[in-house]
Protein chains: 2
Amino acid sequence: MRYKDAGVDIDIANRLKKTIGRLARTSSTPQVVSDFSMFGSLFELKGLKNPVLVASCDGVGTKLTVARMMGKHDTVGMDIVNHCVNDILTLGAKPLFFLDYIAFSRPEPRVLEAVVKGMARACRQHSCPLVGGETAIMPGWFRHQDYDLVGFLLGAVERTRIIDPRRIRPGDVLIGIPSSGLHTNGFSLARKVLFGKAKLTVRSRVKGITRSLGLELLQPHRSYFSLVYPLISRIKAIAHITGGGFFDNIARLLPAEISCVIKKKSWRPKPIFKLIQELGKVPVDEMYHTFNMGIGMVLIVSPGRAETVLSRIRGARTIGKVVRGTFGVAVI
Amino acid sequence: MRYKDAGVDIDIANRLKKTIGRLARTSSTPQVVSDFSMFGSLFELKGLKNPVLVASCDGVGTKLTVARMMGKHDTVGMDIVNHCVNDILTLGAKPLFFLDYIAFSRPEPRVLEAVVKGMARACRQHSCPLVGGETAIMPGWFRHQDYDLVGFLLGAVERTRIIDPRRIRPGDVLIGIPSSGLHTNGFSLARKVLFGKAKLTVRSRVKGITRSLGLELLQPHRSYFSLVYPLISRIKAIAHITGGGFFDNIARLLPAEISCVIKKKSWRPKPIFKLIQELGKVPVDEMYHTFNMGIGMVLIVSPGRAETVLSRIRGARTIGKVVRGTFGVAVI
């Protein structure tokens, strides 16, 4: 018996590694120390006086199922990079480099290539090289033809420039920036409602949505880096609206005795959210606890700075304010 | 319909996060900047003049299936940390911090707790805090009750102390250090042979092996850090014998026109490897291409340094030498 007979072909795995290497190198920067690259990835840290490293790890979740239904795998690659970039941005950090983990039940070179292409594209957009990762072949591991995709992003921020939410005060303003869709959260519920209960398909056309339902769901997770990073010094806190929606993601920023009120009338959620809400008869609170509802990032700024920030970010709008109180986050 | 009805319970997920946080904090160090810890993990980089960052990402593979068969999940947590530590050690780097990704079809608090306990223990042993990660709930994703476990390790090395295999010369000596078992590679083949073809179980007792077969397979991946790191300046190259066995892992270190010969008679593989080889009728070359065969790490040193290195590492032995040639790695 050979390893291949157990479902693992080292030669195919090595070929896959070459493909990944070729695509990954398109995102390289001079900081990548490539001569040595062996069991680990080497990266030279330069230009920061008191660097604090910021790390983030995340997955794409069951958005991967929609990618599979559509046979389209580049956008989930962009999703995972942008998701991680937004996460570290909330602390004021900029990306340094990215690693990925992809696991298959059996090797699928075309899927892998599409995923890595998407990651490399998003990495290039952030001058953040894709420096390494792992491709795992785990025979019989996943149901159907699923695979898993995980990203690790390392970033850095000057010690003195870390965003510190403890400066939040009553009267501060909440500014919301539009999302590009569901991003990468709430897909188990969305799929259950749309494809299960309502029996729609990825090809379905729905009123108010210009794309097929599948393409709408696959819209890449938007990166807020280029919009928000230049304004970092004017911002007191940033929430990336991911799993847990408005409640969990904003609540964890709030100091003791500080709460905030979000007025949901201050923006109009994209039609995809209304569709899920109506078809699934999902309670309103549950929607705001699960999805980003059209606002992917929330900035908290002092009233004096709100005007500048609003004018510099297209689509940004005031969605609420900080108040005294212990209730946490209220969406009214 | 609520998110919970789709298999994702945010409240359970939040409780799991608290458990992880409690266990992870046992591995914390003063470099972890905890006041801010929000969407990312903050770590202060200190004490290095020209730090080069070294990153590694890996999974445990289908060793997880054996953990499930045994209902024992702490050792895979140790495995993933130690695997990554060994990977960056090959470049001369020491660990800074660790992040994990764990994905379940449905939350399993007891399994998660055991895994995180194992990770935190291995992290403490390396003064390498577990600073964050992601726990994903992906309903219906995995076959059976499988889960996936991925680790991301960041380390650092002084620019001038990176191990540079380009210094390897004919006449250099290969020194092998014993492994603790299969480590985390070749499990798909091992399981197919032992549990499939030979119909053994995790409870089986086998001649020459003091533990049950399941416990023998679950032996934690050994960390070579404390043994090898103090000797780094005397070593020209290090191979961590993982997927691809002796061939791929040593070959990638060799400069052009340089090859090496490994004498397999120079050590006796642990009985578990003989068992797999015999029961599976696995060709000898395939064994050395898939498993570590009892040697988990190979050091390449100049002949003048071999004696010192051998005397400082218990169980280390000369297993081969570097020669002129283009054949790569020969196991004879």
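1. Start at the end of helix H2(A): next comes Gly71(A), with a positive phi near 60 degrees. Helices here are DSSP runs of H or I with at least four residues, strands are E runs of at least two, and both are numbered from the N terminus.

2. A quick note on provenance: this is a predicted model, with local features needing pLDDT of at least 70, side-chain atom pairs counting only at pLDDT 80 or more, and totals for chains, interfaces and linings using all residues. Residues are numbered from 1 along each chain as its sequence is written, and chains are lettered from A and ligands numbered from 1 in the order written.

3. Back to H2(A), residues 63–70: Lys63(A), Leu64(A), Thr65(A), Val66(A) and Ala67(A) are buried (20 or more other C-beta atoms within 10 Å of the residue's own, with C-beta atoms placed from the backbone). Their cover includes H3, E5, H5 and H6 of chain A.

4. H1(A) and H4(A) pack at about 20 degrees, axes 9 Å apart, and are therefore roughly parallel (angles under 35 degrees). Axes are lines fitted to C-alpha atoms over the stretch in contact, with angles from 0 to 180 degrees between N-to-C directions.

5. Now the chain pair. The contact takes 71 residues from chain B and 71 from chain A (C-beta atoms, placed from the backbone, within 7 Å). On the chain B side, E2(B) gives the largest share, nine residues.

6. E2(B) also pairs with E1(A), antiparallel, over four bridges (pairing takes at least two DSSP bridges). Within that pairing, Leu42(A) has Val54(B) as its bridge partner.

Definitions and conventions. A residue is buried if 20 or more other C-beta atoms lie within 10 Å of its own, exposed if 12 or fewer, and partly exposed in between; C-beta atoms are placed from the backbone. Two residues are in contact if their C-beta atoms, placed from the backbone, lie within 7 Å. Angles under 35 degrees count as roughly parallel, over 145 as roughly antiparallel, 65 to 115 as roughly perpendicular and the rest as oblique.
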